[in-house]
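This report looks at a few local features of one protein model. Keep the sequence and the structure in view while reading.

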Amino acid sequence: LAQKMQQSAEQLSEMLVAMQSQCQYFRAATESNPNDDVSFANWGSMLMHLSMVSEDQDTKKKYLAEAIERLERAISLNPNSKTHEGELAYFNLGNAMYFAFFLEKDDAKAEKHLSNAKEKFAVSMAKDPGNPMHTQMMEQLETAHEQRRAAHEQLARLEGKTEDEKKVEILNLQKQMLESVVESHKKAVQQHPEVAGNMIELAKSQFELAMLCGRKEARVLFEEALETVEQALRVSPEDTSAPWLHAILTQALSFAEQDKDKSKALLAKAKVEFDGVMRKEIDVVRREQLNKEKEIFNTSMQHWKQWQDMEAKADAYDAANKKSPAAVGKGPLDSGNEELGGFIVLAGLAVAVGVGVWFL
């Protein structure tokens, strides 16, 4: 157990270094061109993701403050500034302030963060009224106080528990939250089947949830997500984010596939899709960013596969030793499988960087 926990910590460290490297890249770009609003927007977005996956509260707040500063700088240079993923800096700034609302323990200060977040989201919605993410975020804001209270109550319940027990509690909560997010996106797709953006967000959330599941369940989710992206492409063939997401999901499915020949075929197909996106991308900076994202994604999927292989070996061992009835049914996020905690954080990083979304 100690060895596995050490490996997870080392893998998390590698991923954090990769994300920090991205930040250094954007820092250099802004030093080279102080008026590069896109790099400031990208930098702020990446710092926000670093804040969300960091475990130490002080580190979270540090990264978040820096994220807000960089996003505000992007907006000061260009009120319509967007990241390379096409996300408005105003929208990400609203997200950062909303996250600050959750982190802040002082109610008065938290209320100020929420007010600022609502203001930024309103501006973002006015600039991009057709974006389905705005509607979903406004719905979340209606229950913001209840969500914050529940989150703080959850943290209070962790008091007195061991670090391993805390990880299991948090990971189970994350999975429950993601299941809720998937259902919310499914409803949005059903209500507005003509909006490709809703389908893209559904596919992203299905990917996120799959990364927290065992191989069998994950495979089903990856396949459903691929079908969702293909549906989005039929609705909106010009969508620029869908081909990259499709390539990511195809490669993810190759890791979930246990048949070696099928896995190899899927991996080859993903490579063709990735290469196709890269050939169409003429912006040199964007190409470099895509390459970095793909490297981080590949690392995360390798770690996911290691987790699955470890689980398969454990199941085989249990079967060979006739696991007792009392122990049957223990899942990957249950107490006793705490060594998986480090990996689940990596799954969040894969989504944050490779897919470009996050969740609280």
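## Aromatic rings

Phe101 and Phe102 are both buried, where buried means under 20% relative accessible area, exposed over 50% and partly exposed in between (1.4 Å probe, protein chains only). This is a predicted model: local features need pLDDT of at least 70, side-chain atom pairs count only at pLDDT 80 or more, and totals for chains, interfaces and linings use all residues. Residues are numbered from 1 along each chain as its sequence is written, and side-chain values use heavy atoms, with hydrogens and water left out.

Rings of Phe, Tyr and Trp (its six-membered ring) pair if their centres lie within 6.5 Å; planes under 30 degrees apart count as stacked, over 60 as edge-to-face and the rest as tilted. The count is eight aromatic pairs. One of them joins Phe101 and Phe102, edge-to-face, at 5.5 Å centre to centre and 85° between the planes. Tyr98, Phe101 and Phe102 make up one aromatic cluster.

## Charges over rings

A charge sits over a ring if NZ of Lys or CZ of Arg is within 6 Å of the ring centre and within 35 degrees of the ring normal. The charged end of Arg148 sits over the ring of Phe101, 5.5 Å from its centre. The charged end of Arg70 sits over the ring of Trp43, 4.2 Å from its centre.

## Cysteines

Zero disulfides are found in the whole structure, a disulfide being a pair of cysteine sulfur atoms within 2.5 Å. Cys23 is buried because its relative accessible area is 6%. Cys213 is buried because its relative accessible area is 0%.
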